[in-house]
Amino acid sequence: MALAGSLAACSSDGTSDGAVAPDGAYEDAFAPDQWRDVPTDPQEEYDDSPEQPFQDVTTSPLSTFASDVDTASYSNLRRQLRQGVEPEGVRIEELVNYFDYDYPAPEPDAEDPFTVTTQVADAPWAPGHQLAMIGVQATDVKPTTRGNNVVFLLDVSGSMDEPNKLPLLADSFALLVEQLDEDDTVSIVTYAGSDQVLADSVPGDRRGEIVDILRELRAGGSTGGARGLETAYELAAKNFVEGGNNRVILATDGDFNVGPSTPEQLTELIEEHARTGVYISVLGFGMGNLKDSTMEAIADHGNGNYAYIDTLDEARKVLVDEFDSTMFVVAQDLKVQVELNPATVSQYRLLGYDNRRLEDEEFADDTKDAGDVGAGHEVTAFYELVPAQGSGGDDGLDYQDVEPGSSGDFLTVHVRYKDPGATESTEVVFPAGADTYTTRPTSDFRFASAVVEFALAATGSQHAGDADPARARERAGAALGEDPYGLRAEFVTLVEEYLELTA
């Protein structure tokens with residue numbers, strides 16, 4: 001269904017006249033150029049997790065982290081650069097994972113629902129160092145054909161009374177509604193000072209009815225998101241589809257100011273629901289008072305993902321093009337543990353995943369929550385490696401009794417995951433041998449490493465070496481590949497904007 005226009009922007013007195021933009025001029029109304037020179041509001045909040053320093057392989061041979069398929073940091077960075085301000089809240093792994101890579105997919109009848117690919121090449125920003133790129137590719141086979149039970153939890157508080165918030169939210173969800181059919185169930189909960197149920201168990205093929213509700217939304221009042229979460233989970237539980245996809249989709253700027261509102265309070269609230277089989281996706285909107293840290297915490301603790309919607313094109317990417325990977329979990333609580341070989345690596349550093357790192361003993365702890373991976377999703381991680389110079393020790397691990405030079409393995413990737421709904425995990429092991437190293441890395445490696453190099457510079461990393469955004473731009477521009485949606489080309493443009501901004 002073509003979107004015929006949009007909700008009009010709210011007037012200066014805080015009301016909405018309900019008019020429709022002429023000729024469907026929704027996207028033009030929020031052209032990025034109109035955001036330039038808008039200062040970043042100090043009310044925006046971002047997590048400030050410390051980055052990982054280099055680790056000595058002889059004393060810390062294991063590196064453990066939870067998978068992360070969030071992409072909010074990239075689209076938020078895009079919004080900030082187009083405002084003309086230096087980006088905040090840059091998370092390396094989310095920039096890298098925003099893009100698709102050509103990893104081999106598992107066969108439909110494969111025992112495990114993913115493959116693991118590793119490639120090692122020289123680090124462009126650190127002479128003498130190497131980069132290991134680890135890619136996890138999930139199967140695109142959906143785990144269920146049963147219906148979707150989705151609850152739209154929509155923030156309609158006063159802070160959403162901006163053109164790039166509630167109107168964009170309404171049209172974004174209208175795109176999502178087009179992906180549903182008669183086997184699906186939709187409920188809609190709004191919250192401001194109090195919560196309100198606007199739809200309960202509406203069949204997904206009644207699209208006109210659902211879109212009409214979305215287009216009648218109006219913003220005003222304080223933000224009591226905690227009660228809205230409770231109501232949304234209650235509806236999801238009431239309409240629960242055994243073996244289906246049961247999900248709350250929260251859309252907000254994250255500015256909760258009534259009731260429990262800190263990331264810690266809200267995660268305590270949702271953790272008790274996370275084990276019931278109802279997952280949560282979080283969509284962030286707007287600027288000025290964006291509470292990025294709150295929304296990321298909700299998604300992480302609610303067995304879900306977090307995306308930031310800055311344009312209708314981004315909504316289409318997340319809610320249409322990536323519908324299956326957003327909605328259908330194929331591997332739950334996926335954890336990665338990398339064992340480094342002291343025969344070839346003396347020191348290492350995980351790039352990004354700063355708030356997703358786990359203790360080594362948590363890898364085998366099935367009670368420890370980790371990231372969930374959807375159908376067709378990819379998870380990419382980079383390690384910066386310092387080649388070995390000294391001797392190795394003996395710690396009872398695969399490589400610890402190996403003298404330097406007697407083994408060509410770089411590392412071994414251990415992956416633990418649960419089948420959806422299972423309580424016990426399965427471990428799969430993928431060694432990365434000497435043939436993993438190449439002096440001619442793939443275009444995917446070159447492009448992704450350019451994203452990492454740019455992110456190191458943009459975050460002011462203490463371990464950035466001579467990371468150079470201009471060099472990253474050139475390498476990315478030479479590694480665009482097919483780029484059917486122009487996303488890689490857009491990244492090159494964003495780096496150019498960053499260089500102009502910071503000149």
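User: Which strands does helix H4 lie across?
Analyst: In this predicted model, helix H4 (residues 166–177) lies across E5, E8, strand E9 (278–285) and E10, running at about 175 degrees to E5. Helices (H or I, at least four residues) and strands (E, at least two) are DSSP runs numbered from the N terminus, and angles run from 0 to 180 degrees between N-to-C directions of axes fitted to C-alpha atoms, for helices over the stretch in contact, with contact meaning heavy atoms within 4.5 Å.

User: And what does H8 lie across?
Analyst: Helix H8 (residues 292–301) lies across E8, E9 and E10, and runs at about 160 degrees to E9.

User: What's the strand order in the sheet?
Analyst: The open sheet has six strands in the order E7-E6-E5-E8-E9-E10, with mixed pairing, where two strands pair if DSSP finds at least two bridges between them. Its edge strands are E7 (195–203) and E10 (305–309), each of which pairs on one side only.

User: How many bridges join E5 to E8?
Analyst: Seven bridges join E5 (residues 148–155) to E8 (residues 245–252), and the two run parallel; Val150 stands opposite Arg247 in E8, while Arg247 in turn stands opposite Tyr279 in E9.

User: Switching to E9, is it mostly covered or uncovered?
Analyst: E9 is mostly covered, as eight of its eight residues are buried (under 20% relative accessible area, with exposed over 50% and partly exposed in between, using a 1.4 Å probe and protein chains only).

User: Which residues point which way from E9?
Analyst: Val278, Ile280, Val282 and Gly284 point one way, and Tyr279, Ser281, Leu283 and Phe285 the other way.

Notes: Residues are numbered from 1 along each chain as its sequence is written. This is a predicted model: local features need pLDDT of at least 70, side-chain atom pairs count only at pLDDT 80 or more; totals for chains, interfaces and linings use all residues. Side-chain values use heavy atoms; hydrogens and water are left out.
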